[in-house]
Amino acid sequence: NIVTRRDSHAEIAGVAGQHNLFGVSGSAKAAHNLAPTVSGWYERSDGFMFDRDFGVGGGLIRGAIPNRLTYDVRHARRAFGANGFYGNSPSKEWTDQTIASATLVGSGARGWTWDVAGAYKNHGDHFRWDIARPGFAENRHRTNSADVTAKARTMVGAASVTVGAAGGADIVRSSNLGDHSFNRVGAFVEITTPDFPRRATYQLGLRADRYSTFGSNVSPTAAAAVDLGQGWRARASAGRAFRVPTFTELYYHDPANQGSADLEAEHGWTLDGGVDYAKNDWTLSATPFARWDDNVIDWVRAKTTDLWRSTNVRDVTTRGIELSASRRFRAGGLARLAYTRLDVDAPALNLLSKYVLEYARDSFAASGAIPIARTGLTLSANADVRRRLDGQKYTLLGARVSQRIRRATFFVDGSNLLDREYHEVAGVAMPGRWISAGITLR
């Protein structure tokens with residue numbers, strides 16, 4: 001699946017967003033020896049400017065019934081100010097999300113093993129366009145999503161063969177988007193040949209999906225990795241992917257944005273390769289990549305007084321390279337350097353674009369962590385240097401000091417310590433110098 005390019009919650013609050021990437025057959029990690037775990041978390045900030053405050057909290061329980069079933073149930077709630085993000089207005093948003101998943105594993109005759117994984121997500125969203133005008137462009141959404149995947153594996157000669165099927169549904173009930181739903185089914189096969197013919201691994205996969213609204217899609221993939229000896233490895237992969245429009249892109253509307261119900265799914269081909277080196281305490285990696293996307297969805301408008309409208313606006317070609325080097329030290333320290341270069345080729349438009357061309361052309365990153373022996377104290381720092389397509393050049397410096405005392409870890413974090421002014425979405429300021437403190441109990 002092609003992931004959504006923009007995670008508004010992360011950008012508004014400055015909290016790292018999370019995305020899930022699924023391969024041809026996916027993977028359910030059955031932690032048979034996982035002891036039951038209960039966790040909770042909470043973060044609060046009054047924000048770096050008016051109406052950019054946030055509060056994030058949640059909890060989870062996960063565990064396993066030995067050798068058979070793993071489970072994970074979690075709930076999170078967020079409230080955050082979105083001043084200027086959705087338009088020229090001090091907006092506010094409240095969300096809640098509950099996710100429950102379980103995986104059942106087993107074995108059959110003739111060497112077959114199998115697993116069945118199910119997941120359910122309930123997501124609520126309450127959005128107020130202007131916090132000073134309750135009821136104006138105020139929206140409430142409730143989305144339910146369910147997925148079930150069944151896989152079976154066996155060995156055929158030297159090859160591992162996995163076959164499976166998946167199905168699911170998404171339903172939204174919204175005061176703004178209306179009531180909509182779509183179903184999906186899929187089937188896949190994956191063949192892996194480990195250590196064949198000489199320290200090499202090959203993988204071939206094919207997946208077919210059918211959506212009740214967006215039609216059918218077939219996604220082939222191929223990958224190979226070869227052990228070159230002396231700690232060196234070469235690898236390459238290619239595949240086809242697609243992303244269906246979100247409910248927001250299809251149906252959402254407010255005083256600054258208008259979805260389009262006739263959007264088509266995005267399709268793309270990806271190709272990457274590279275070499276890795278891992279020996280002693282060193283790890284090196286170089287990965288050139290390319291991606292060709294068709295029917296890319298963007299929000300565009302002809303002039304600043306128009307609404308932003310979601311549109312299958314153009315085809316986009318992305319090329320780049322990722323380089324990294326890291327070293328671990330015997331005392332437990334770690335140092336890492338990384339560089340990413342991106343070059344996005346998109347046909348010129350006589351329109352203003354909201355997302356497609358908002359990216360960093362060059363990104364340099366350095367990070368390190370040093371534990372102080374026998375004290376429980378750890379010092380860490382990171383620096384990011386970015387050169388964006390729109391001409392912005394800035395350096396973000398962060399640091400953390402943490403002290404562990406038995407089951408408690410006390411920490412102080414500093415972000416953007418140089419107090420740089422920058423934006424990642426046009427017109428939306430990002431946080432300046434930010435100091436936070438907290439405690440983790442285990």
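Start with confidence. Colour the chain by pLDDT. This is a predicted model, and its mean pLDDT is 86. Of its residues, 91% reach 70 or more.

Now select residues 1-33. Here pLDDT stays under 50. The model still has 82 contacts beyond four places in sequence for this stretch. Where pLDDT is low, the predicted coordinates should not be read in detail. Move on.

**Stop 1: a nonpolar patch**

Select Trp-112, Val-163, Val-189, Ile-191, Leu-204, Leu-206 and Val-218. Together they make a nonpolar surface patch of about 550 Å². Which elements give two or more residues to the patch? They are strand 8 (178-193) and strand 9 (200-211).

Zoom in on Trp-112. This residue is found in the loop between strand 4 (90-107) and strand 5 (113-128).

**Stop 2: salt bridges**

A search of the whole structure finds 21 salt bridges. Visit three of them.

Select Asp-96 and Arg-142. They form a salt bridge, and their closest N and O atoms are 2.8 Å apart. This pair links distant parts of the chain: Asp-96 sits in strand 4, Arg-142 in strand 6 (residues 138-156), and 46 residues separate them. Asp-96 counts as buried, at 13% relative accessibility. Arg-142 counts as partly exposed, at 32%.

Next, select Asp-115 and Lys-151. This is a salt bridge too, with the closest N and O atoms 3.2 Å apart. Asp-115 lies in strand 5 and Lys-151 in strand 6, so the pair links distant parts of the chain, 36 residues apart. How buried are the partners? Asp-115 is buried, with a relative accessible area of 3%. Lys-151 is buried as well, at 6%.

Then select Asp-276 and Arg-233. Their salt bridge has its closest N and O atoms 2.8 Å apart. Asp-276 is in strand 13 (residues 266-279), while Arg-233 is in strand 11 (residues 232-243). The two are 43 residues apart, in another link between distant parts of the chain. Asp-276 counts as buried, at 14% relative accessibility. Arg-233 is partly exposed, with a relative accessible area of 38%.

**Last stop: a network**

Technical notes. Residues are numbered from 1 along each chain as its sequence is written. This is a predicted model: local features need pLDDT of at least 70, side-chain atom pairs count only at pLDDT 80 or more; totals for chains, interfaces and linings use all residues. Side-chain values use heavy atoms; hydrogens and water are left out. Patches are made of residues with over 30% relative accessible area and no salt bridge: like charges are joined within 9 Å, nonpolar side chains (Val, Leu, Ile, Met, Phe, Trp, Tyr) within 5 Å. Accessible areas come from the Shrake-Rupley method with a 1.4 Å probe; for residues, only the protein chains shown count as cover. A salt bridge is a side-chain nitrogen of Lys or Arg within 4 Å of a carboxyl oxygen of Asp or Glu. Helices (H or I, at least four residues) and strands (E, at least two) are DSSP runs, numbered from the N terminus. pLDDT is the predictor's confidence in each residue, from 0 to 100. Contact means heavy atoms within 4.5 Å. Buried means under 20% relative accessible area, exposed over 50%, partly exposed in between (1.4 Å probe, protein chains only).
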